[in-house]
Amino acid sequence: MTATLGTRPGKVVAVHLNYPSRAAQRGRTPTAASYFVKPSSSLCGSGTVERPEGTELLAFEGEIALVVGRTARRVRPEDGWAHVGWVTAANDLGLHDLRAADRGSNVRSKGGDGYTPLGPALLAAADVDPDGLRVRTWLDGQLVQDDTSDTLLFGFGHLIADLSRMLTLEPGDVVLTGTPAGASVARPGQVVEVEVCTLDGGRSTGRLRTEVVTGPPLGPWGSAAAVDDAVRADAWGTPAPALAPDLRERLGSVAVATLSVQLRRRGFDHTSIDGVRPLVPGRRIVGTARTLRYVPFRPDLFAARGGGHNAQKRVVDALQPGEVLVMEARGDSSAGTLGDILALRAQVRGAAGIVTDGAVRDAAAVAALGLPVHSSGAHPAVLGRRHVPWETDVTIACGGATVQVGDVIVADDDGVLVIPPDLVEEVVAAAEEQEREEAWIAARVGEGAALDGLYPLAGAWRARYDEENA
């Protein structure tokens with residue numbers, strides 16, 4: 001790759017978080033870009049990369065790399081792109097086993113030889129739209145990352161301007177612009193490929209190919225490699241913490257109506273997803289949210305984002321056991337947002353259910369699968385009649401409720417609730433107590449007692465209940 005660039009870059013600067021989909025996985029969205037530096041000796045082209053024997057977590061991150069074309073110092077964001085000479089594909093590799101040892105610097109964890117593959121071809125910046133680039137990553141031939149530059153939290157011009165406030169970017173310097181959701185771990189014997197192309201596919205870097213091989217073990221001096229469950233989850237890209245089995249079971253045993261009461265008592269009056277109903281009554285949903293947002297149909301946008309392995313298919317392919325896919329379709333039920341093939345794929349992936357404020361097509365086939373689905377109705381038309389699949393794992397509005405990745409979704413025949421994760425334990429405990437009280441009250445009503453003072457419990461009835469349930 002050095003030969004292609006003409007010289008070894010003086011510096012390689014990488015952005016920590018820059019795609020909303022990745023920020024959602026990390027559970028935080030930065031208000032300003034932050035960076036780290038990789039040594040230029042980490043640069044290479046297609047080839048092999050070593051994972052030291054005895055280590056576990058070599059993570060890949062497909063990215064769009066900017067190669068500076070002319071000196072940038074104190075430039076403005078609107079002028080930043082003019083200082084980019086080329087773009088290419090990059091793989092920001094990192095050994096998470098050394099993350100704790102290098103916290104805050106990434107010197108060894110991301111600076112190893114061969115840990116920044118670039119290429120194979122350079123695309124002239126003057127020939128491409130900075131908001132019209134796509135980055136895709138394959139692991140052993142399976143597409144695992146797919147996102148576009150128009151979703152970036154901090155655009156290319158902004159990054160150049162931000163960095164140039166304090167340091168001079170020189171021709172040949174490389175800026176790695178962040179990775180989208182889907183970055184994960186590659187083991188020895190696996191192959192990672194990254195491609196950057198225009199949205200129409202007319203211009204492409206070609207695939208940057210990196211095969212992972214086993215290298216010599218790390219020397220016994222210096223900081224030792226170390227991993228734990230938190231490090232593993234970070235490296236593998238776990239999108240949201242899963243519900244503990246006992247908490248999932250407890251949520252499944254209380255009524256949504258009861259949970260709704262407890263949320264309202266805590267000031268959460270708008271957590272129900274309105275306008276949806278179960279495709280098949282009697283099927284409950286309990287799980288953590290993944291999100292998908294559609295925008296209204298427009299021919300040019302659908303041509304760019306609606307076909308192929310679009311955002312809708314990507315998020316279904318990425319669902320983890322126990323997750324609930326929640327779709328924002330603006331309450332438009334005049335075209336399908338889910339069909340039988342996608343529903344089957346979600347079921348195979350272990351999804352806990354799907355909620356959409358749009359319509360379902362192939363409704364009978366979807367219902368027959370057994371996967372719990374809540375929707376605004378059924379419609380025979382495909383999504384292209386009304387919708388463009390736009391983005392995944394971002395905060396959405398579904399049926400009037402705000403839904404974030406990792407929110408807890410609970411649904412029964414009464415409706416669908418969104419529970420903030422920090423409130424789940426408190427709300428479910430209160431709901432269980434409420435249902436114990438109501439069962440006792442119902443028994444007294446069945447015995448012929450009048451409602452006054454009994455429902456809700458007060459006075460002598462309250463004292464009796466407390467005594468019997470002490």
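Helices and strands are here DSSP runs, numbered from the N terminus, a helix having at least four residues and a strand at least two. On that basis, Gly-275 belongs to the loop that joins β16 (272-273) and β17 (277-278). The model is predicted.

**Gly-275 and its surroundings**
- Gly-275 is exposed, its relative accessible area being 58%.
- Beyond its neighbours within four places in sequence, Gly-275 makes contact with Ser-375 and Ser-376.
- Gly-275 and Gly-399 are 124 residues apart along the chain, and 6.1 Å separates their C-alpha atoms.

**Helix α10**
- Helix α10 spans residues 340-348, and its buried residues are Leu-342, Ala-343 and Ala-346.
- These buried residues line one face of α10, because they fall within an arc of 100 degrees when seen down the helix axis.
- In an α-helix there are 3.6 residues a turn, so residues three or four places apart point the same way.
- Gly-350 follows α10 and has a positive phi, near 95 degrees.

**Nonpolar surface patch**
- Val-445, Leu-451 and Tyr-455 make up a nonpolar patch on the surface, and their accessible area together is about 300 Å².
- Of these residues, Leu-451 sits in the loop between α12 (424-446) and α13 (459-468).

Technical notes:
Residues are numbered from 1 along each chain as its sequence is written. This is a predicted model: local features need pLDDT of at least 70, side-chain atom pairs count only at pLDDT 80 or more; totals for chains, interfaces and linings use all residues. Side-chain values use heavy atoms; hydrogens and water are left out. Patches are made of residues with over 30% relative accessible area and no salt bridge: like charges are joined within 9 Å, nonpolar side chains (Val, Leu, Ile, Met, Phe, Trp, Tyr) within 5 Å. Accessible areas come from the Shrake-Rupley method with a 1.4 Å probe; for residues, only the protein chains shown count as cover. A salt bridge is a side-chain nitrogen of Lys or Arg within 4 Å of a carboxyl oxygen of Asp or Glu. Buried means under 20% relative accessible area, exposed over 50%, partly exposed in between (1.4 Å probe, protein chains only). The arc is that of the directions from the helix axis to the C-beta atoms. Contact means heavy atoms within 4.5 Å.
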